[in-house]
Amino acid sequence: MERDRAARHRKRTAYAAAPLAACVAAVACAVGGAFLLAPPAFAQEGGPRAGPAAGAAGKKIYQEANCVGCHRWHGGGGGGYGGAALSLRSTALTREQIVEVVRCGRPNTGMPYFERDAYAADGCYGLTKQDLGDAVPGAGVRFLRPREIETVADYVVAEIKGKGDPDHADCTAYFGEGSRVCQQYQRPGSGEAGGRPPGER
Ligand code: HEC
């Protein structure tokens, strides 16, 4: 059994499975956010592949799957009941890695999984629910089909990743022109778009 597992791990890309196995063994995984970060070679972005429909459809999934509840409308993340949701604006993950995180969640963290069969076989990081025990992440508010997972990943890549601090234009793009929610992003008296409240990420 141990040997089978080790063999399975070897088949997986080493950057994901090996540290994860160590992490599971240690149970307490303080470095949560760091353990799946890719080495620089993997962090190269091949450019967004979002289709024209990805924007609206992706935003809908972002809301319905409650990504917005933890990562907030702008993806900046922050503290919450699920732990500190990482910033999707400053994420280094590629589209494929984002797809994997959404499918599988992150063991030992508040990031839920959205693929119904995640961990049923060894399709997530080479691990099953049995392997993970208590470290298995929670399920999302609803499961997403593979296509929906790709669509929301495209949305993250096209609309959120690499965008810097959220500003008034980002806010009205999300909530609509004239939205009161976005007043906080306007510099008082300037009437100009682009104000950034201090500390807002
Ligand atoms: C219940 C709260 C919660 C929900 C809902 C949630 N996330 Fe997360 N997410 C987290 C937390 C917490 C982390 C940080 C995990 C860690 O420490 O590694 C995270 C991490 C991530 C990461 C990894 C970022 C990185 O740079 O490593 C991605 C990508 C991501 N979430 C996307 C999504 C998407 C897309 C959705 C909706 C389909 C979603 N999340 C829903 C809490 C949540």
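What does the pLDDT of the protein average, and what share of the residues score at least 70? The protein averages 77, and 64% of the residues reach at least 70. The model is predicted, and the views below take its parts in turn.

**View 1. Confidence across the predicted model.** Among the helices, α6 and α3 mark the two ends of the range: confidence is highest in α6, at 98, and lowest in α3 (residues 40-43), at a mean of 35. Over residues 6-50, pLDDT stays under 50. The model has 53 contacts beyond four places in sequence for this stretch. Where pLDDT is low, the predicted coordinates should not be read in detail.

**View 2. The largest nonpolar core.** This core holds 29 residues. Ala65, Ile98, Val102, Ile149, Val152, Ala153 and Val156 touch the most other members. Two or more residues come from each of α4 (54-64), α6 and α8 (146-160). Helix α8 gives the largest share, seven residues.

**View 3. Val152 and its contacts.** Val152 is one of the core residues that touch the most other members. Neighbours within four places in sequence are left aside here. Beyond them, Val152 is in contact with Gly58, Ile61, Tyr62, Ala65, Cys67 and Val102. Of these partners, Ala65 and Val102 are also among the residues with the most core neighbours.

**View 4. Helix α6, enclosed.** Eight of the ten residues of α6 are buried, so the helix is largely enclosed by the rest of the structure. The buried residues are Arg95, Ile98, Val99, Glu100, Val101, Val102, Arg103 and Cys104. Helix α8 is included in what covers them. Just after α6, Gly105 takes a positive phi of about 65°.

View 5. Most residues other than glycine have a negative phi. Asn108 is not a glycine, yet its phi is positive, about 70°. Asn108 sits in the loop between α6 (95-104) and α7 (129-132). It counts as buried, with 23 C-beta neighbours inside 10 Å. Tyr119 lies in the loop between α6 and α7 as well. Its phi is near 70°, again positive in a residue other than glycine. Tyr119 is buried, with 22 other C-beta atoms within 10 Å.

**View 6. Arg72 between α5 and α6.** Arg72 lies in the loop between α5 (67-71) and α6. Is Arg72 buried or partly exposed? Arg72 has 18 C-beta neighbours inside 10 Å. Leaving aside neighbours within four places in sequence, Arg72 is in contact with Gly77 and Gly78. Tyr62 is ten residues from Arg72 in sequence. In space, the two are 9.7 Å apart, C-alpha to C-alpha.

**View 7. Helix α9 and its buried side.** Helix α9 spans residues 168-175. Its buried residues are His168, Asp170, Cys171 and Tyr174. Their arc around the axis is only 160°, which puts them on the same side of α9. An α-helix has 3.6 residues a turn, so residues three or four places apart point the same way. Just after α9 comes Gly176, with a positive phi of about 105°.

Key: Residues are numbered from 1 along each chain as its sequence is written. This is a predicted model: local features need pLDDT of at least 70, side-chain atom pairs count only at pLDDT 80 or more; totals for chains, interfaces and linings use all residues. A residue is buried if 20 or more other C-beta atoms lie within 10 Å of its own, exposed if 12 or fewer, and partly exposed in between; C-beta atoms are placed from the backbone. Helices (H or I, at least four residues) and strands (E, at least two) are DSSP runs, numbered from the N terminus. The arc is that of the directions from the helix axis to the C-beta atoms. Two residues are in contact if their C-beta atoms, placed from the backbone, lie within 7 Å. pLDDT is the predictor's confidence in each residue, from 0 to 100. A nonpolar core is a set of buried Ala, Val, Leu, Ile, Met, Phe, Trp, Tyr and Cys residues joined through C-beta atoms within 7 Å.
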